Amino acid sequence: MSVEPSAINATGDITGDYTDSSGVTHGFLRTAGGKITSFDVSGTTYTAPSAINKTDVIAGYYLIGDTLSGFVRAADGTITTFEPKGSGLTEAFGINDKGEITGYWQDGSQARGFLRSATGTIKSFDPPQSTQTIPLGIDKRAAITGFFTDASGTNHGF
């Protein structure tokens with residue numbers, strides 16, 4: 001079995017994924033007290049959490065066929081899936097304590113950034129001159145950090 005923690009919150013709760021002996025990748029939540037909860041997005045064999053906030057809301061992505069899509073797991077265990085309209089690839093990388101999520105989605109050959117509100121509204125964004133936008137983190141004011149690639153192939157932070 002392979003275990004890959006991906007994020008920790010301020011209270012010491014950890015999320016990540018593990019792959020079992022049959023090759024299925026599951027998400028997990030390990031509380032600071034040591035309780036481990038395994039979870040999966042329904043219908044998939046690959047669930048990859050990437051971020052957790054202070055109330056144990058988890059964001060990540062999952063794979064069905066050739067399509068990666070985003071998910072958010074509420075503290076009660078309810079999982080909601082999402083992707084921007086027209087996307088065939090969505091990866092969520094950051095979540096703040098309000099439940100706002102950032103990541104990127106594929107628009108043809110270009111990766112574009114997104115901000116998903118706690119209510120589910122998704123807005124795309126790209127820094128000027130970006131050909132690829134990869135947001136990685138979000139703070140409590142919804143300020144987003146990451147990097148973008150310009151037409152010459154140079155990466156820039158934002």
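How many bridges join strand β14 to β15, and in which sense do the two strands run?

Modeller: Three bridges join β14 (residues 144-149) to β15, and the two strands run antiparallel. Strands are DSSP runs of type E with at least two residues, numbered from the N terminus, and two strands pair if DSSP finds at least two bridges between them. The model is a predicted one, in which local features need pLDDT of at least 70 and side-chain atom pairs count only at pLDDT 80 or more, while totals for chains, interfaces and linings use all residues. Residues are numbered from 1 along each chain as its sequence is written, and side-chain values use heavy atoms, with hydrogens and water left out.

Within the pairing of these strands, F147 stands opposite G157 in β15. The two strands belong to an open sheet of three, in the order β13-β14-β15, with antiparallel pairing. β13 and β15 (155-157) each have a single partner strand and stand at the edges, so one side of each lacks a neighbour in the sheet. On average, neighbouring strands of this sheet are turned by 20° against each other, direction ignored; the axes are lines fitted to C-alpha atoms, and angles run from 0 to 180 degrees between N-to-C directions.

T133 lies in β13 (residues 132-138). With a relative accessible area of 0%, T133 is buried; buried means under 20% relative accessible area, exposed over 50%, and partly exposed in between, with a 1.4 Å probe and protein chains only. The side chain of T133 makes a polar contact with that of S130 at 2.7 Å. A polar contact is a pair of N or O atoms within 3.5 Å; within protein, one must be able to donate a hydrogen and the other to accept it, and residues adjacent in sequence count only if both atoms are side-chain atoms. Beyond its neighbours within four places in sequence, T133 is in contact (heavy atoms within 4.5 Å) with several residues, among them R112, D126 and F147. F147 is the residue of the pairing described above, opposite G157 in β15.

R112 and D126 also meet each other. They form a salt bridge whose closest N and O atoms are 2.6 Å apart, a salt bridge being a side-chain nitrogen of Lys or Arg within 4 Å of a carboxyl oxygen of Asp or Glu. D126 lies in the loop between β12 (122-125) and β13, and R112 in strand β11 (residues 110-116), so the pair ties together parts that are 14 residues apart in sequence. D126 is partly exposed, with a relative accessible area of 26%, and R112 is likewise partly exposed, at 21%. R112 forms a further salt bridge with D107, with closest N and O atoms 3.9 Å apart; D107 is partly exposed at 36%.

By this rule the count comes to three salt bridges. The remaining pair is D139 with R141, whose closest N and O atoms are 2.6 Å apart. D139 is partly exposed at 25% relative accessibility, whereas R141 is exposed, with a relative accessible area of 63%. Salt bridges that share partners join D107, R112 and D126 into one network.

Notes:
Helix = DSSP H or I, 4+ residues; strand = E, 2+ residues; numbered from the N terminus.
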